[in-house]
Amino acid sequence: MRIAFFGVGNMGGPMAVNLVRAGHQVRVFDLASSLVDAVVAEGAQAGGSPADTVADAEIVISMLPSAAAVNGLYLGEQGVLASIPAQALIIDCSTIDAATARTLAQAAAAMGRTVIDAPVSGGVGGAKAGTLTFICGGPAEAVERARPVLANMGRNVFHAGDNGAGQIAKICNNMLLAIHMIGTCEALQLGVDNGLDPKVLSDIMLASSGRNWSLEVYNPWPGTMDNVPSANDYQGGFAVDLMNKDLTLAMDNVLAVKGRTPMGALAKSLYGLHGAQGNGRLDFSSILSLLKVRE
Ligand code: NAD
């Protein structure tokens with residue numbers, strides 16, 4: 001298929017490359033030309049402008065950092081929405097607030113275009129390996145149309161509900177991720193404070209009711225697991241800044257729906273503090289250091 005791809009950063013770059021490898025004609029655009037060059041070297045074409053990038057596209061994908069960037073791309077003064085062929089399907093994979101996703105879908109529908117939100121889980125490793133989980137919101141038939149293309153970049157494609165529902169499911173997941181990562185750090189620290197070996201304690205909890213994803217594949221305690229950020233001074237992985245972005249989206253939504261998420265609010269407070277202490281670019285499992293009172 002002819003695919004226009006906007007935003008070839010840490011996530012979008014490898015996703016676009018996987019589309020090229022699957023045999024699609026991929027035309028990419030990014031504000032950073034060096035990132036475009038890297039994907040062009042893998043077989044993509046460079047779009048001269050946003051309008052040129054979408055000119056004959058059948059699928060348009062965006063993987064941008066923020067709602068402002070998404071609005072700017074599609075709806076701003078130079079908005080590309082009007083240039084996208086009416087039959088093309090627009091898939092926004094950025095993590096943004098659900099309200100913006102719904103507004104974009106409505107604006108697109110008013111112009112005869114279809115948008116789905118499809119934020120991802122799986123991180124940069126998943127983007128490179130083509131094992132991402134896509135969490136979609138939008139009309140069922142549009143999600144079905146997207147499915148084969150998304151399958152070239154990921155392993156799971158879920159349909160969470162109408163436009164915006166993908167974003168809601170994503171922030172629910174990441175709020176829970178933040179909570180169980182902090183809980184895992186606390187439990188390991190308590191054990192170590194009492195003289196336990198963190199690896200032995202991890203094995204015990206993995207075979208007991210404390211088992212969770214953080215413990216299973218992302219142990220935050222250095223030396224307990226290979227090939228995870230804690231084994232590499234918390235470099236790479238999922239940045240504290242990005243976790244703070246997702247927790248902010250979650251807490252904004254809690255206010256909007258007048259919900260009650262005390263654990264999520266505490267997680268946001270702790271991750272906010274950790275980021276403010278200069279750890280924003282470290283992997284989110286580095287939150288262990290905030291809880292460490294002794295080695
Ligand atoms: P990134 O900053 O590496 O990449 C974003 C790219 O978008 C940049 O290269 C930037 O130049 C480009 N961009 C911004 N505005 C643009 C525009 N108008 N037109 C074209 N390009 C534009 O960010 P990332 O880590 O790739 O994350 C992208 C999205 O994926 C974010 O919404 C993030 O929350 C989400 N996400 C990231 C991860 C992760 O582990 N990095 C995991 C899941 C979801």
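The residues of the shell around the ligand comprise 15 nonpolar, eight polar and two charged ones, where Ala, Val, Leu, Ile, Met, Phe, Trp, Tyr, Cys and Pro count as nonpolar, Asp, Glu, Lys and Arg as charged, and the others, Gly among them, as polar. The model is predicted, with pLDDT of at least 70 needed for local features and 80 or more for side-chain atom pairs, while totals for chains, interfaces and linings use all residues. Residues are numbered from 1 along each chain as its sequence is written.

Of the 25 residues around the ligand, those that come nearest are Gly-7, Gly-9, Asn-10, Met-11 and Thr-95, a residue being near if its C-beta atom, placed from the backbone, lies within 6 Å of the molecule. Two or more residues of this shell are given by each of α4 (67-74), α6 (123-129) and α11, and α4 has the largest share, three residues; helices here are DSSP runs of H or I with at least four residues, and strands are E runs of at least two, numbered from the N terminus. Domain 1 (2-162) and domain 2 (168-291) each supply at least three residues to the shell, with bounds from an automatic or database domain assignment.

Helix α11 also packs against α8, at an angle of about 115° and with the axes 9 Å apart; axes are lines fitted to C-alpha atoms over the stretch in contact, and angles run from 0 to 180 degrees between N-to-C directions.

| Helix | Residues in the contact (C-beta atoms, placed from the backbone, within 7 Å) |
|---|---|
| α8 | Ile-168, Ile-171, Asn-174, Met-175, Ala-178 |
| α11 | Met-243, Asp-246, Leu-247, Leu-249, Ala-250, Asn-253 |

By class, this contact of α8 with α11 has eight nonpolar, two polar and one charged residues.

Key
Contact = placed C-beta atoms within 7 Å.
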